[in-house]
Structures are given as C-alpha cells and as structure tokens.
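Let's take a walk through a protein together, one piece at a time. Keep the picture open while you read.

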Amino acid sequence: MHNARPDPLCLFLTDFCVSLTGIQQENVQQADIFPVVFNRFLAWLQNYPRYLFCSWGAYDRVQLELDCKRHCTAELHCEQELNIKKAFAKIMKIKPQIGLKKSMDWLNLSHDDKHHRALSDAKNAAKILNLLLQPELSETMSKNKKLDVDALVKGRLSIDILILTGFVDIADKKQALHPARYFEALFLPKLKAKGVSDMDISTRLGIPEQLYLDFLGEKVSITSGFANKLEALTGMRAEFWLRAQRKFHD
C-alpha cells in the first residue's frame with residue numbers, strides 16, 4: 001500500500017490526460033507537490049547563472065507561470081528563452097511547424113516512446129537542439145532533404161477555423177487557449193466573488209464594457225497596452241498575456 005501525499009489543490013486526471021501521457025492518478029498523488037519540486041529546481045538552477053530556457057513550443061513557459069501563480073511560489077526569471085520547435089522549423093525551412101515526434105522521425109533520431117511525458121519530451125527536444133547547434137550539419141540537411149509537409153501534418157485547418165475554435169497547433173494535437181480563458185479561470189471568479197460587475201472590470205481596465213465582453217468572447221487580441229492594463233488588474237505580468245496571445249496565433 002502506497003503512502004499518498006494528499007494535496008488540496010490536486011485534481012483528478014481525465015481519461016484523455018492518462019491516455020495521452022501514460023501518467024496515472026497514483027503517480028500524481030505519490031509525488032511531491034509543485035512548490036516543493038519547483039523550489040528544489042530553483043536551488044539547482046543557481047549553479048547555472050547563465051542558463052537559457054528552452055522548450056518545444058511556446059506554451060511550456062505559459063503553463064509554468066500559471067502554476068507559479070496558482071501555488072503562490074516565486075516565478076522563474078530568465079532573460080532569454082528559445083523555442084526549439086520554431087528554431088527547427090526555421091533552420092530546416094519547414095512550414096507549418098511540426099510536432100516533436102515527427103521532427104525526430106524526419107531526422108532519423110532515436111526517441112523515447114513515452115511521448116508527452118515531461119522528461120522524455122525534454123530529452124528528445126535536447127537531441128534536436130544539439131543538432132541545431134551544429135550549423136554545418138543542420139545546413140546540409142536543410143539543403144539536401146525536402147520535407148513532405150502534407151504527409152506529416154494531418155487535419156490541417158485554415159487560420160479562420162483555428163481562430164473560431166480558439167485552439168491552435170492542430171498538427172501536434174495540442175490546444176492553446178485564448179488569453180481570455182486564463183483570465184476567466186484564474187481571476188474572474190475572485191472578482192465576481194467580491195461583487196465586481198463586468199462594468200466595474202471594464203472601468204478598471206479603462207476600456208468600454210463592450211470591448212471587455214468582446215475580449216471574453218475571444219474577439220479581441222492582446223496588445224501591449226491591453227497587457228499592461230491586465231497586469232495592473234490581475235498582478236500577472238504583461239509578458240504572460242502577450243506570450244499567451246502569440247501562442248494562440250502561432
């Protein structure tokens with residue numbers, strides 16, 4: 001019998017999550033909670049003051065900031081970050097961008113079969129990054145190989161459909177939410193609980209009420225000015241809102 005570590009913030013995994021990642025509910029319950037693990041990570045990171053934050057895609061940084069906000073922990077402050085997925089597509093002259101597993105298959109790189117598991121994905125992305133750090137090799141490959149995008153990317157949708165559905169990255173079957181959904185999930189319930197109306201929120205943001213409602217309806221994109229207003233209202237940095245918007249449109 002395992003000694004589970006109860007976490008009042010722990011949610012039950014959906015069948016989709018279990019199927020996608022292979023992570024089981026007992027794995028989550030037996031693991032250290034996020035603040036413990038993240039603080040341990042920050043302590044380890046002090047050994048590398050000139051680190052570069054790398055991820056496959058732009059969303060990992062967004063999720064990390066959400067988790068820090070949710071658990072009230074110190075945020076990760078990094079001056080530079082690299083989207084390996086975008087770098088790979090640019091160097092190999094691939095458009096649209098493709099998923100991690102398909103990229104490794106195209107490069108004939110061996111990969112861990114535990115797709116969508118954090119450690120496995122990190123190791124696989126690192127293999128591609130190691131290749132990209134060898135200019136002569138990546139340049140040769142980009143010139144001598146032609147990627148058949150249609151054979152690799154299934155179910156591509158037009159940009160109009162993507163905007164209407166509110167999700168992107170169809171080729172890799174990931175879902176990127178509009179910034180309004182983060183606002184609605186993380187901040188709106190607290191404001192409503194205090195009796196703050198939609199008109200009050202729009203006033204605090206300094207925008208017309210209809211524009212605020214259009215934002216909730218995903219009809220408005222986040223600009224620098226709007227991001228600064230959201231930061232003043234929510235305490236979440238403007239960079240977060242802008243990054244979420246870019247991911248939504250990527």
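Start with helix 4 (residues 59-71) and helix 16 (residues 238-249), whose axes come within 9 Å and cross at roughly 140°. Helices here are DSSP runs of H or I with at least four residues, strands are runs of E with at least two, and both are numbered from the N terminus. Axes are lines fitted to C-alpha atoms, for helices over the stretch in contact, and angles run from 0 to 180 degrees between N-to-C directions. That angle makes helix 4 oblique to helix 16; under 35 degrees would count as roughly parallel, over 145 as roughly antiparallel, 65 to 115 as roughly perpendicular, and the rest is oblique. Helix 4 passes helix 16 in a left-handed crossing (left-handed if the near helix is turned anticlockwise from the far one by less than a right angle, right-handed if clockwise).

Who does the touching? On helix 4, the contact is made by Tyr59, Arg61, Val62, Glu65 and Leu66, and on helix 16 by Phe240, Arg243, Ala244 and Lys247. Contact means heavy atoms within 4.5 Å. Those residues split into five nonpolar, no polar and four charged. For this sorting, Ala, Val, Leu, Ile, Met, Phe, Trp, Tyr, Cys and Pro count as nonpolar, Asp, Glu, Lys and Arg as charged, and the others, Gly among them, as polar.

Before going on, a word on what you are looking at: this is a predicted model, where local features need pLDDT of at least 70 and side-chain atom pairs count only at pLDDT 80 or more, while totals for chains, interfaces and linings use all residues. Residues are numbered from 1 along each chain as its sequence is written, and side-chain values use heavy atoms, with hydrogens and water left out.

Now zoom in on Arg243, which lies in helix 16. Is Arg243 buried or exposed? At 7% relative accessibility, Arg243 counts as buried (buried means under 20% relative accessible area, exposed over 50%, partly exposed in between, with a 1.4 Å probe and protein chains only). Leaving out residues up to four places away in sequence, Arg243 touches Ala58, Arg61, Val62, Glu65 and Glu81.

Next comes helix 15 (residues 224-234), where Phe226, Ala227, Leu230, Leu233 and Thr234 are buried. Look down the axis of helix 15 and these buried residues fall within an arc of 125°, so they line one face of the helix. The arc is that of the directions from the helix axis to the C-beta atoms. The buried residues of helix 15 pack against helix 4, helix 11 (179-186), helix 12 (188-193), helix 13, helix 14 (209-216) and helix 16.

Take the pairing with helix 16: helix 15 packs against helix 16 at about 130°, with the axes 8 Å apart. That makes helix 15 oblique to helix 16, and their crossing is right-handed. Ser224, Ala227, Asn228, Leu230, Glu231 and Thr234 of helix 15 make the contact with Ala238, Trp241 and Leu242 of helix 16. By class, that gives five nonpolar, three polar and one charged.

Helix 13 and helix 14 are another pair, packing at about 100° with axes 8 Å apart, which makes helix 13 roughly perpendicular to helix 14. Here Asp198, Met199, Ile201, Ser202 and Leu205 in helix 13 meet Glu209, Tyr212 and Leu213 in helix 14. Ser202 is buried, with a relative accessible area of 3%. Beyond residues up to four places away in sequence, Ser202 touches Ile207, Pro208, Glu209 and Tyr212.

Now for the loops. Most residues other than glycine have a negative phi. Asn108, though, has a positive phi near 60° and sits in the loop between helix 6 (100-106) and helix 7 (118-132). With 62% relative accessibility, Asn108 counts as exposed. Glu218 has a positive phi of about 65° as well, in the loop between helix 14 and helix 15.

Finally, step back. The protein has 16 helices and two strands, and 37% of its 250 residues count as buried. Among contacts between residues at least 6 apart in sequence, 62% join residues at least 24 apart.
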